Amino acid sequence: MKLKATVLFLVAGVGLSISANGQTDSVMMRKIFDEALVNGQCYENLRYLCKKIGSRLSGSTGAQKSVEWSKKLMDGYGFDRVYLQEVMVPHWERGAKEQGIIISGNTRTPVALASLGMSVATPKAGITAEVVELQSVQELQTLGEAKIKGKIVFFNRPFDERFIEAGSAYGTAGDQRNVGPGMAAKYGAVAVIVRSLTSALDNYPHTGGTNYGTNPKIAAAALSTVAANKLSSLLKQKGSSPVKFFLKTNCQMLPDVLSYNVIGEIKGTENNNKYISVGGHLDSWDLAEGAHDDGTGVMQSVEVLRIFKALGYKPKNNVRAVFFMNEENGHKGGIKYAEQALKDKEEHIAAIETDEGGFTPRGFSFERATPAFLNAVNQQWKKLFEPYEADRMVAGGGGTDIGPLRETHPNIALIGFRPDSQRYFDIHHTPNDVFENVNKRELELGAASIASLIYLIDQHGLNF
């Protein structure tokens, strides 16, 4: 006899619930983790994505190859529906390798740097100018045009090491890169160089997008932290001649191109117009293989559906894995997905984003969650995740790609997968974001954690 309703009971003081298929949630979660750890495929899928395709910046050949391969991968798993969702994306190219040289008196010191995404190029001969070091975007207004015009602005605010969650340090330092170049141009700067957004002290420059807004466009690049410290030290010595910097970049914006979100779906057995989505972004920056950012996320997402099929689990609601295109420099994939979901009148219950690397899972963050909601989530599900050490259920962001769904589906729960954050910003947006820096077991544990949460949402909903 099949149970038609959820039954609650206590075992050894732990609250468990019986789901419609007669299995306890704890037993089902154990099966999910066993499948991921013993038969998991996301690590080998990631190997192919990184080593056979490589970098996948929107508009590039690599991005198109990754779309074609991803659809073939999902088709091979036999999901109920696999399709491509058209989206127009920006096409920016880095061009020939950048050059950066610190000029102090007669000493010329080449340094490691990388153009910021969406930056314009310097003139063909490059730019040489005096450097003015700032710790914040706000200092531009304090100094004014008189001290900024004709200079290369050097934003050098480091991560605030007091944050335990590394993403918080990234967020508070990020305005230098995001809006700093445009704001500096407004005050007459001829170029901008920015300290890489990381706690690591190394020679890997970190790229990332910049947005000029309506301000003039000037060349912008990120210095490695080693180079930033070297430049700052020379500026503080205040020698007889001013410290200058030579910058030459070769990037360009090209016309937008057609690309695709890649979507796989398992149909629900009860609610044919209700959806639970899990996704990451298929595109990556061009400096490396996009392993942690965000190859791990898309491979975990498709692994969720593979696990369900392998276990013979038939969800009540439609479950989708979405490989979003263009998160890094435009967010067009996420916008398109939300627009199409609204147009198709789909009811979206929850969306989970995995875009913080493939490190050890710690839990999940719930966007705009009330204290009462979080208390209920923890009361119901924390104990179930404790054996896997992924039991932190906290308030926080969902993610960039799923963010547009909050406007089109105001009742949706937006959820971020939260792995350990301590190593992510040593790697992301750098030449060091390669497959070899992903741990197989950590990646599989993350996929199992996400699959377990989706299973619980599918069985019990979020109406606490």
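I took helices (H or I, at least four residues) and strands (E, at least two) as DSSP runs, numbered from the N terminus. I noted that this is a predicted model, in which local features need pLDDT of at least 70 and side-chain atom pairs count only at pLDDT 80 or more, while totals for chains, interfaces and linings use all residues. Residues are numbered from 1 along each chain as its sequence is written, and side-chain values use heavy atoms, with hydrogens and water left out.

Entry on Val-190. I found Val-190 in the loop between helix 8 (180–186) and strand 9 (191–195). I read a relative accessible area of 29% for Val-190, which is therefore partly exposed (buried means under 20%, exposed over 50%, partly exposed in between, with a 1.4 Å probe and protein chains only). Leaving aside residues up to four places away in sequence, I listed its contacts (heavy atoms within 4.5 Å), among them Ile-127, Gly-150 and Ile-218. The C-alpha atoms of Val-190 and Ile-218 are 6.2 Å apart, although 28 residues separate the two along the chain.

I traced an open sheet of eight strands in the order 5-4-11-7-8-9-10-6, with mixed pairing (two strands pair if DSSP finds at least two bridges between them). Its edge strands, each pairing on one side only, are strand 5 (107–110) and strand 6 (113–115).

Entry on backbone angles. I looked up Met-118, in the loop between strand 6 and strand 7 (127–134), and found a positive phi near 80°; Met-118 is buried, because its relative accessible area is 18%.
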